[in-house]
Amino acid sequence: YRRTPLEGWGKIIKRIGDIILASLGLVIVSPLMFFIAIVIKIDSRGPVFFRQKRLGADGEFVFYKFRSMRRGAEKLHSQYIKKYGNMFKLKDDPRATRFGKFLRRTSLDELPQLWNVLRGDMSIVGPRPPMPIEVKHYSSKQRKRMGIKPGITGLWQASGRSELSFNEWVKLDVWYIENWSLWLDWQIII
């Protein structure tokens, strides 16, 4: 595992960029977020936001998303890990609500994570934050993806999303950590 450019000034520059982008993003998308919240309430019962404990480089934090799943869907997660493997993504997840399927397909369910970025729990770009139950199944090689703050989006999402295996995610995350640059972040965001 090589050193990362995200040490020292790289880490400071990335954090400043995250604060600026998350602040601007929240101001720009707040009307859209308000509309999404209304549709979620109309579409299905339950809270607007989904909160869950996730792990990052600095430990555990509360992760926010717009709720896209039916009530009780989280209880099935450990069964799905056994069936589909660690860090699975299902293209047509039967636990998703009608509007939730749209939110997930367009990644609009991720917008509340801009708050996680402002709080310093996450970055705009980085590895996805895993749940503690998922990390229990990690090998030492897979734990390398947790070397930096997790991100709203990342190289694996820009490189194929649910078509990639978890081991391919790990390779892309480690490559990103070892080869980070502002230009790479911009390419992933675009």
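**Figure 1. Helix α1 meets helix α3.** On the α1 side, the contact (heavy atoms within 4.5 Å) is made by I36, V39, I40 and D43, while α3 brings R98, F99, G100 and L103. By class, these contact residues are five nonpolar, one polar and two charged. Here Ala, Val, Leu, Ile, Met, Phe, Trp, Tyr, Cys and Pro count as nonpolar, Asp, Glu, Lys and Arg as charged, and the others, Gly among them, as polar. The model is predicted, with residues numbered from 1 along each chain as its sequence is written, and local features need pLDDT of at least 70. Side-chain atom pairs count only at pLDDT 80 or more, totals for chains, interfaces and linings use all residues, and side-chain values use heavy atoms, with hydrogens and water left out.

**Figure 2. Helix α8 packs with helix α9.** Two packed helices are described by the angle between their axes and the distance between the axes. For α8 (residues 166-179) and α9 (residues 182-189), the angle is about 140 degrees and the axes are 9 Å apart. Axes are lines fitted to C-alpha atoms, for helices over the stretch in contact, and angles run from 0 to 180 degrees between N-to-C directions. The two helices are therefore oblique to each other; angles under 35 degrees count as roughly parallel, over 145 as roughly antiparallel, 65 to 115 as roughly perpendicular and the rest as oblique. W175, Y176 and N179 of α8 touch L184, D185 and I188 of α9.

Figure 3. Helices (H or I, at least four residues) and strands (E, at least two) are DSSP runs, numbered from the N terminus. Strand β1 (residues 49-56) runs antiparallel to β2 (residues 59-66), and eight bridges join them; strands pair if DSSP finds at least two bridges between them. Two residues lie between the strands of this hairpin. Look for R54, whose bridge partner in β2 is F61, and for Q52, which stands opposite F63.

**Figure 4. The second largest pocket.** A pocket is an open set of points on a 1 Å grid over the protein atoms alone, with protein on both sides within 12 Å along at least five of seven lines, and lining residues have an atom within 4 Å of a point. This pocket has a volume of about 430 Å³, where a volume is the space filled by probe spheres set on the points, which are joined across faces, edges and corners. Of its 16 lining residues, L111, L114, I124, I152 and T153 are the closest to the centre. Helix α1 gives the most to the lining, with four residues.

Key
On a 1 Å grid over the protein atoms alone, a cavity is a set of points where a 1.4 Å probe fits but cannot get out, and a pocket is an open set with protein on both sides within 12 Å along at least five of seven lines; lining residues have an atom within 4 Å of a point.
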